[in-house]
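Please open the structure in the viewer and keep the selection tool at hand.

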Amino acid sequence: MGSTSGAAKQDDPVTEGTRPVRRRLSVDQRREELMAAALELFSKQDAEGVSIDDVASAAGASRALVYHYFGGKQELYVAALRSAAAQLEARLRPLEGGRPIDELATGLGRYFDFVEERAAGFAALLRGGPTNRSGEIGEIVDSVRHRLFRLVMRQMRVHEPGPVLRITLRSWIASVETAGLDWLEHRDIDRAELEGMLVGQMMALLRVAADRDPQAGQLLGDLTDENTP
């Protein structure tokens, strides 16, 4: 197998008028291009239905080049999902300084920035739900959910959630994921309206949980007091 640096200098044909022009890509650029093509395909169908030839064709590359960089479809699938997960997790870094409910809304906005700007990556990452995810793929998806869970706890000023509050927060995160996928599919509701609805759903879930759990009741009380003029 040739060296990676040698493959990185492989010329790619680009049509300019009637004369083909060659462009050179770095190793990172070529990998990103292949992963972007793979994410677009994986966002529309299960990985089993996508072939290396499909990825190569979508990226305008050779089949051999895809194998050179990733070794096989599973390696490409994992690398593409890791890339999407890293991009999403970067959006979930906490920004503190406001009221918890405002921080929650801001974090939700950054989440949907990713949904909108990286639609293929988001859909590929979450498509099919947890029942189809196991092993390394499941670990990648779970890492994103854990990051979002920790972010929500931090924004809500929660250090150690009890079982009722933990289930409540994780249920809300599942709703956010489902809403993101549905919005990408239909786009028949204004994004700002959707985000506001999801913040309202958090409050509604906490009201139900407050009937069963003092911790959830205290959190709801804190948030309600903050929203009272």
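Begin by selecting Glu195, which touches Leu108, Gly109 and Phe112 when residues up to four places away in sequence are not counted; contact here means heavy atoms within 4.5 Å. This is a predicted model, in which local features need pLDDT of at least 70 and side-chain atom pairs count only at pLDDT 80 or more, while totals for chains, interfaces and linings use all residues. Residues are numbered from 1 along each chain as its sequence is written, and side-chain values use heavy atoms, with hydrogens and water left out.

Glu195 belongs to helix H10 (residues 191-210). Helices are DSSP runs (H or I, at least four residues), numbered from the N terminus. With a relative accessible area of 13%, Glu195 is buried; the term means under 20% relative accessible area, exposed means over 50%, and partly exposed lies in between (1.4 Å probe, protein chains only).

Remain in helix H10 and select Met203. Is Met203 buried or exposed? Its relative accessibility is 8%, and Met203 therefore counts as buried.

Next, display helix H5 (residues 73-91) together with helix H8 (residues 135-155); their axes are 10 Å apart and the packing angle is about 5 degrees. Axes are lines fitted to C-alpha atoms, for helices over the stretch in contact, and angles run from 0 to 180 degrees between N-to-C directions. H5 is thus roughly parallel to H8, a term for angles under 35 degrees, whereas angles over 145 count as roughly antiparallel. The residues of this contact comprise eight nonpolar, two polar and four charged. In this classification Ala, Val, Leu, Ile, Met, Phe, Trp, Tyr, Cys and Pro are nonpolar, Asp, Glu, Lys and Arg are charged, and the others, Gly among them, are polar. To view the contact, select residues of H5 including Tyr77, Leu81 and Arg82, and residues of H8 including Ile140 and Arg147.

The axes of H6 and H8 come within 8 Å and cross at roughly 155 degrees, which makes H6 roughly antiparallel to H8. On the H6 side, Pro100, Glu103, Leu104, Gly107, Arg110 and Tyr111 meet Leu148, Leu151, Val152 and Gln155 of H8.

Apart from neighbours within four places in sequence, Tyr111 is in contact with Leu88, Leu92, Phe122, Leu126, Leu148, Val176 and Glu177. The largest nonpolar core has 70 residues, and of these Tyr111 and Trp172 touch the most other members. Such a core is a set of buried Ala, Val, Leu, Ile, Met, Phe, Trp, Tyr and Cys residues joined through side-chain atoms within 4.5 Å.

Proceed to helix H4 (residues 63-70), where Leu65, Val66, His68, Tyr69 and Phe70 are buried. They cover an arc of only 165 degrees around the axis, which puts them on the same side of H4; the arc is that of the directions from the helix axis to the C-beta atoms. Just after H4, Gly71 takes a positive phi of about 85 degrees.

Finally, select two loop residues. Arg157, in the loop between H8 and helix H9 (163-186), has a positive phi of about 65 degrees although it is not a glycine. Arg187, in the loop between H9 and H10, likewise is not a glycine and has a positive phi, near 50 degrees. Arg157 is partly exposed, with a relative accessible area of 43%, and for Arg187 the value is 43%, also partly exposed.

How values were computed: Angles under 35 degrees count as roughly parallel, over 145 as roughly antiparallel, 65 to 115 as roughly perpendicular and the rest as oblique.
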